[in-house]
Amino acid sequence: MRTWDRRYGLGPSRHTDGRHRRYGPSDIGRLELMQQALLRGCSTAEAARYALDRMPKRDTPPVPVDRSRRQARQAPPPHTSVRVDTPDGAVLLPAEEDQSAGHSRLARRLSTAALAMDSRAVQRILTETIESAGVLTGWEEVVAPVLSALGTHRRGGVVPAGGAEVEHLLGEAVLSALIRSTPPPAEPRNHRPVLLGQVPEERDGLPLYAFAAGLAERGIHAQLFGNPLPPDVLAVAVRRSSPAAVVLWARRPGADPRLFARVSRGRQRGRLFACGPGWDPAALPAKVELLGDLRAAVDRVEYVLLGGSRTE
């Protein structure tokens, strides 16, 4: 807040004796407007300019203008109208006429909301992302980059931008959004399910939920085991489900390819796929196909099961 005061003039209107600062109702109103603009994807300078334009105060120092954005005279409007009640009256943040907010802006809004620990905003932005871009595009261009940027995948010594609380909040919100986006197809296009599982000891199952949601968008039913199963339990699940395909996800390096021999014993006749960066392509059995990124993986499974997409 002191930085915002020095840079943008958003500090308190009055100062008390000593080091204390007294924020009045109007000062708080400006900060609330700035927060709303930040959650909508504005830069700090744009959000400050927007708050001061809406609720001017006397002797406000000019807000520095980024030379690359000299033409941006006010903060970009939000995707939907938001009413902010301030002591000086209600202010309406107007809705965008152009509904095609860029994916980079959605990612910026999502990361800002997560760092602010605003769980409602996080859920709202995730829902908006999936509805506007679809699960696969939303995952690739918004969700996954934010997860990486905030350091929620802390493997390899990456120092997270947020703390553990940000990791848990965002992870749970993404999981909830993906589950909501995976309703069982009323009339699935596949007669036998696609079984999605993880290798033992794997702890990053969010991509697998995105995989299941991507299949559901195409009317393909998947049986997902979100928690890693012991090899014997996974083998029993495969035998009893009789799936058309088995996809095993691994992010951690060194996934054991012998797991496929365990699950393919008996009468299992479905296709076998490995997915994720944890697999060594050279070590996989000949009958196991290594899938590419998430979109390519969904495309490939759809093609193998059904011979092409619904649009072909």
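Modeller: Two strands pair if DSSP finds at least two bridges between them. Helices (H or I, at least four residues) and strands (E, at least two) are DSSP runs, numbered from the N terminus. This is a predicted model, in which local features need pLDDT of at least 70 and side-chain atom pairs count only at pLDDT 80 or more, while totals for chains, interfaces and linings use all residues. Residues are numbered from 1 along each chain as its sequence is written, and side-chain values use heavy atoms, with hydrogens and water left out.

Colleague: Which are the edge strands of the open sheet of five strands?

Modeller: The pairing is parallel, and the strand order is S6-S5-S7-S8-S9. An edge strand pairs on one side only, and this applies to S6 (222-224) and S9 (288-290).

Colleague: Which residue in S7 stands opposite Gly-197?

Modeller: S5 (residues 194-198) runs parallel to S7 (residues 245-249), with five bridges between them. Within S7, Trp-249 is the bridge partner of Gln-198. The residue opposite Gly-197 is Leu-248.

Colleague: How many of the residues of S7 are buried?

Modeller: Buried means under 20% relative accessible area, exposed over 50%, and partly exposed in between (1.4 Å probe, protein chains only). In a regular strand the side chains alternate between the two faces of the sheet. Ala-245, Val-247 and Trp-249 point one way from S7, Val-246 and Leu-248 the other way, and all are buried. The count for S7 is therefore five of five.

Colleague: What angle does the direction of H11 make with that of S8?

Modeller: Axes are lines fitted to C-alpha atoms, for helices over the stretch in contact (heavy atoms within 4.5 Å). Angles run from 0 to 180 degrees between N-to-C directions. H11 (residues 294-306) packs on the sheet and touches S5, S7, S8 and S9. Its direction and that of S8 make an angle of about 175°.

Colleague: Why are the buried residues of H11 on the same side?

Modeller: The buried residues in H11 are Leu-294, Ala-297, Val-298, Val-301 and Glu-302. An α-helix has 3.6 residues a turn, so residues three or four places apart point the same way. The arc is that of the directions from the helix axis to the C-beta atoms. These residues lie on the same side of H11 because they cover an arc of only 130°.
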